[in-house]
Amino acid sequence: MKKVYLGVDIGSVSINLVAIDYNNEIIFKEYSRSNGQPLISTKKALLNLKDKLDGNYEICGVGTTGSGRQLIGMMLGADVVKNEITAHATATMNYVKDARTIFEIGGQDSKMIFLKDGFITDFAMNTVCAAGTGSFLDHQAERLGVPIEEFGDHARKANRNVRIAGRCTVFAESDMISKQQFGFSKEDIINGLCEALVRNYLSNLGRGKKLEPPYVFQGGVAANNGIKDAFERELGAKVFVPENFHVMGALGVAILAKEFIYETKRKTNFRGFETANIDFVPTTFECSGCSNVCEVIKVEVNKEVVAMWGDKCGKWTNSF
Amino acid sequence: MKMTFPHMGNPIIYKKLIELLGHEIVCPNKPTKKTIELGVKHSPEFACFPMKAIMGTYIESLERGADVIVTSGGHGPCRAGFYGEVHKKILNNMGYDVEFIVFDSIHKDFKGFMKNMMKLVKHSSLLKVYKSFRLVYKITKDIDYFEKIIQTKRAYEINKGECSKALQEIISLYDKVQDHKELEKIKKTSEYIVDNIPIKYVEEDHKIRIGIVGEIYVVMESSVNMKIEEVLASLGCEVRRSHYLSDWAEHNIVPKIFRHDREEEILKKGEPYIEVQIGGHAKETLGHIVDYKEKGLDGIIHLLPFGCLPELVSQSIIPRMSREIDMPILSIALDEQSGLSNNLTRIEAFVDIIKTKKKRKIVS
Ligand code: SF4
């Protein structure tokens, strides 16, 4: 049986799952919406994986990342639970060894990661402002009645430059409407939106930092050529989009899990595919211990509590 | 008259002082979610976060019967200097009949300071006042001393949560101190407590030390800073922070000739980056970063309240500074809706960077 290593990136909106072999080649990958239900969507992905691997492979290591990494890590029996920054950068270096700056734009959040000699030296994360993330484009695409997948092609057909205020989605929207009334074409507007997003992203996350090539662009939004073009124009340099740009978090943490297993020579903690049949029951309750009234999350398997978190005082978390 | 004051870090010091001077006291509760909600509801939206949190604390204390609020003012062009006034206006509008005693720095306004002081010491003899101050000052020093030990040991504790518990125990011991003789005894007991916390062995090369700098309220008040010291400890980091009460007391109360003033030193170190005092703790923040670099710490976490102007200025200088002195620095803005899981990701990634940086140094 061939050995594979599993990486799961679980966020609030999507789940990525990849299985890699010893050479970091992807044997299986799945990207789907998690709809705020990380447990159910992970189970589904796991069952798909089981079908696909079809008894020919053995899972020798598991890693999780993303905002749900703790929960899913516990459920799967992960060997490595890592933050998204480290995971993304690890995957990038698999494709572009000497990468210096990574642009990572997803639907809900965006990051910028700086590297030198294969190590992360700095990073920035955007979490509050939608103007620098994919949801900004999603929203405007809907307004314009253009499917987001076609955004890139439209942007490339633009023949006039139009500058759209991109500081904030609210202003962008009203600016876009007025530019439409001025008679700019859809293509021009779409191109303007792409540029606005890039400008906003660069000034928000890159403020005060030195950006150096080679540049790598990944995350869901990297599917959009319009944005890639806008980046290249703004930076005056080539921007590289790696092959598996949308599952980089999962890939990275799979690599980390593999390395961990090799370095420590341990056996994996993976609970096996049966996990998909175990009922993990998360419930929440309000603690009345003090006026913090924390919403505590409790996960049970067969009526036995296996994890708890969400308390400020540590009363519940520490009971494990 | 029942006195109260803001909650910042450890309330025992103010509590003791006011008690020793013979006043009745309503000790403020540690801010909770409810406190913050209350404060946010009754504060201007664009006020900075500490003002809102303290607003909530006041309301809760007044509800519990307090009618005099003792607090410190601010110096320089930072809004914090007006907060006493603003809090008072809002509370009056809400129907609370409350007196404010606002202490500005003794060095800037000696007369005003003394006038306030007279209100506080009305019933006490001068000797008693002097004795009370000395005792409380010593308690502050002791507690800070033990807290620093805890901040170091917590990174290596074997039983999760034991260090924090020990610190609580020590503080409640000091809460009972009435005179200098007791002080000695309690110091010994406390030494014993901290000495007996089991820790795991970590090689010197692998130790990670992080300094926390920034605006004083969010640096000191763990209930609004996601308990950052404990978070860092759980990632294996020793912690120091830029503000301790004893330093503050020394700088603001002890006459210049009697003190070895760390704060003056710190301000000097910040000078190359911000020339003038722009209020708040901006200049101190940068000074502390330089100081921590000199002391050999491995990284800095900079905490700023959302909407804090002085810290916004220091935040904009930090990237350049970080390059110049080769020090990893992470800025985190805090407000009533701070997303915990996002900040945890940041902190974890930041500690990862420091770890790899250290590892490489050891290898090469
Ligand atoms: S979990 Fe702790 S902090 Fe939260 S409400 Fe209960 S006692 Fe209070």
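In this predicted model, A:Arg69 forms a salt bridge with B:Glu348, and the closest N and O atoms of the two residues lie 2.9 Å apart. That pairing belongs to a count of two salt bridges between chain A and chain B, and beside it stands a count of seven residue pairs in polar contact between these chains, where both partners have pLDDT 80 or more.

On the side of chain A that touches chain B, helix H3 (84-95) and strand E8 (119-126) of chain A each supply at least two residues, and the largest share, six residues, comes from E8(A).

The extent of the meeting between the chains can be followed in residues and in area. In residues, 28 from chain A are in contact with 20 from chain B. In area, about 2,000 Å² is buried between chain A and chain B, and carbon and sulfur atoms give 48% of it. Within chain A, the residues that lose the most area to chain B are A:Phe119, A:Phe123 and A:Met125, which together account for 25% of what that side buries.

The model also holds a ligand, and the residues around it include A:Cys287, A:Cys290, A:Cys294 and A:Cys313, along with A:Asp311, A:Lys312, A:Lys315 and A:Trp316. Also among the residues around the ligand are A:Gly289, A:Asn292 and A:Val293. The shell around the ligand divides into six nonpolar, two polar and three charged residues.

Methods
Residues are numbered from 1 along each chain as its sequence is written. Chains are lettered from A and ligands numbered from 1 in the order in which they are written. This is a predicted model: local features need pLDDT of at least 70, side-chain atom pairs count only at pLDDT 80 or more; totals for chains, interfaces and linings use all residues. Side-chain values use heavy atoms; hydrogens and water are left out. Contact means heavy atoms within 4.5 Å. Buried area is the accessible area (1.4 Å probe) that two parts lose on being put together, summed over both. A salt bridge is a side-chain nitrogen of Lys or Arg within 4 Å of a carboxyl oxygen of Asp or Glu. A polar contact is a pair of N or O atoms within 3.5 Å; within protein, one must be able to donate a hydrogen and the other to accept it, and residues adjacent in sequence count only if both atoms are side-chain atoms. Helices (H or I, at least four residues) and strands (E, at least two) are DSSP runs, numbered from the N terminus. A residue is near a molecule or strand if one of its heavy atoms lies within 4 Å of it. Ala, Val, Leu, Ile, Met, Phe, Trp, Tyr, Cys and Pro count as nonpolar, Asp, Glu, Lys and Arg as charged, and the others, Gly among them, as polar.
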